[in-house]
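Reader: I am new to reading protein models. Could you take me slowly through one part and show how its pieces fit together?

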Amino acid sequence: MDDIKHIVAKNITELRLLNNMTQMELAEKINYSDKTISKWERAESSPDISVLVQLADLFGVSLDYLVRSENIEETVKEHKQKEVKYNRRVICYISESVVWFVAIFAFIITSLITNRATFQWLYFVYALPIVLIIRLIFNSIWFNPRRNYFIISALIWSILSAIHITFLHFGLNVSLIFLLGVAGQIVIILWSFIKKPKL
């Protein structure tokens with residue numbers, strides 16, 4: 001019985017901390033005093049079955065989960081992995097947003113300095129390939145490398161489109177440049193069929 005008390009105490013404490021709650025906050029949520037929570041967490045007493053059910057519902061775990069010792073470590077590990085993955089996505093989005101911010105800033109400054117210039121919108125055309133390069137780098141390091149095929153395809157077409165639009169702006173039609181995109185796309189498709197040998 002003492003073992004279960006200590007297991008429940010440990011699980012309640014770790015789940016509370018995992019959910020960034022103080023003893024007072026937990027007490028308020030289940031209509032108990034913080035002193036009672038403190039006693040549970042010190043294994044001086046144990047909540048009855050109805051309170052355990054309430055705690056399980058609150059923390060989104062099963063009742064069985066609260067009385068076993070091996071589960072909590074896995075939850076903490078999974079929670080940390082989710083946080084790391086979330087943080088990586090946020091870093092990726094912030095980095096991409098910086099590119100658009102710089103493009104907007106350059107557009108505004110150029111528009112203010114040179115009233116006659118008509119090329120300012122090209123900043124946005126070239127911002128897209130830069131964003132895709134950033135996405136490719138982060139995806140290669142942190143995310144699913146299989147998605148790189150799609151990112152590289154988008155990158156090739158965006159670069160070719162940027163070149164084409166730039167030449168059109170200066171009165172030259174270089175639409176044949178898109179044949180490079182077709183050739184590049186065929187290479188990417190064939191490359192995607194290469195399988196890594198299993199060790």
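Author: Glu41 is found in helix H3. The model is a predicted one. Start with this one residue. Is Glu41 buried or exposed? Its relative accessibility is 14%, and buried means under 20%, so Glu41 counts as buried. Which residues does Glu41 touch? Set aside the neighbours within four places in sequence. Glu41 is then in contact with Ala9, Ile12, Thr13, Arg16 and Gln23.

Gln23 leads us to the next helix. Helix H2 covers residues 23–30, and helix H3 covers residues 34–41. These two helices pack at an angle of about 110°. Their axes are 8 Å apart. How should we describe that angle? Angles from 65 to 115 degrees count as roughly perpendicular, and H2 and H3 are therefore roughly perpendicular to each other. Their crossing is right-handed.

Now see who meets whom. H2 brings Gln23, Met24, Leu26, Ala27 and Ile30. H3 brings Asp34, Ile37, Ser38, Trp40 and Glu41. Sorted by class, the contact of H2 with H3 has 6 nonpolar, 2 polar and 2 charged residues.

Asn31 lies in the loop between H2 and H3. Its relative accessible area is 70%, so Asn31 is exposed. Asn31 is not a glycine, yet its phi is positive, at about 60°. Why point that out? Most residues other than glycine have a negative phi. Asn20 sits in the loop between helix H1 (2–18) and H2. The phi of Asn20 is near 55°, again a positive value in a residue other than glycine. At 67% relative accessibility, Asn20 counts as exposed.

Now compare another pair of helices. Helix H7 runs over residues 122–142. What span should its 21 residues have? At 1.5 Å a residue, H7 should span 30 Å. The C-alpha atoms at its ends are 31 Å apart, which agrees. Several H7 residues are buried, among them Leu122, Val125, Pro129, Leu132, Leu136 and Asn139.

Helix H8 takes in residues 148–169. H7 and H8 pack at an angle of about 165°, with their axes 9 Å apart. That makes H7 roughly antiparallel to H8. The crossing of H7 and H8 is left-handed. From H7, the residues in this contact include Leu122, Val125, Pro129, Leu132, Leu136 and Asn139. From H8, they include Ile151, Leu155, Ser158, Ile159, Ala162 and Thr166. By class, the contact of H7 with H8 has 16 nonpolar, 6 polar and 1 charged residues. An α-helix has 3.6 residues a turn, so residues three or four places apart point the same way.

One more residue belongs to H8. His164 has its place in that helix. At 12% relative accessibility, His164 counts as buried. What does His164 touch? Leave out residues up to four places away in sequence. His164 then touches Asn173, Val174, Ser175, Ile177 and Phe178.

Go back to where we began. Glu41 is buried, and Glu41 is one of the H3 residues that meet H2. The H2 and H3 pair is roughly perpendicular, whereas the H7 and H8 pair is roughly antiparallel.

Conventions
Residues numbered from 1 in each chain as written. Predicted model: local features only at pLDDT ≥ 70, side-chain atom pairs only at ≥ 80, totals over all residues. Heavy atoms only, no water. Helix = DSSP H or I, 4+ residues; strand = E, 2+ residues; numbered from the N terminus. Expected span 1.5 Å × (residues − 1). Buried < 20%, exposed > 50% of the residue type's maximum accessible area, 1.4 Å probe, protein only. Axes fitted to C-alpha atoms, helices over the stretch in contact; angles between N-to-C directions. Parallel < 35°, antiparallel > 145°, perpendicular 65-115°, else oblique. Left-handed = near helix turned anticlockwise from the far one by under 90°. Contact = heavy atoms within 4.5 Å. Nonpolar A, V, L, I, M, F, W, Y, C, P; charged D, E, K, R; others polar.
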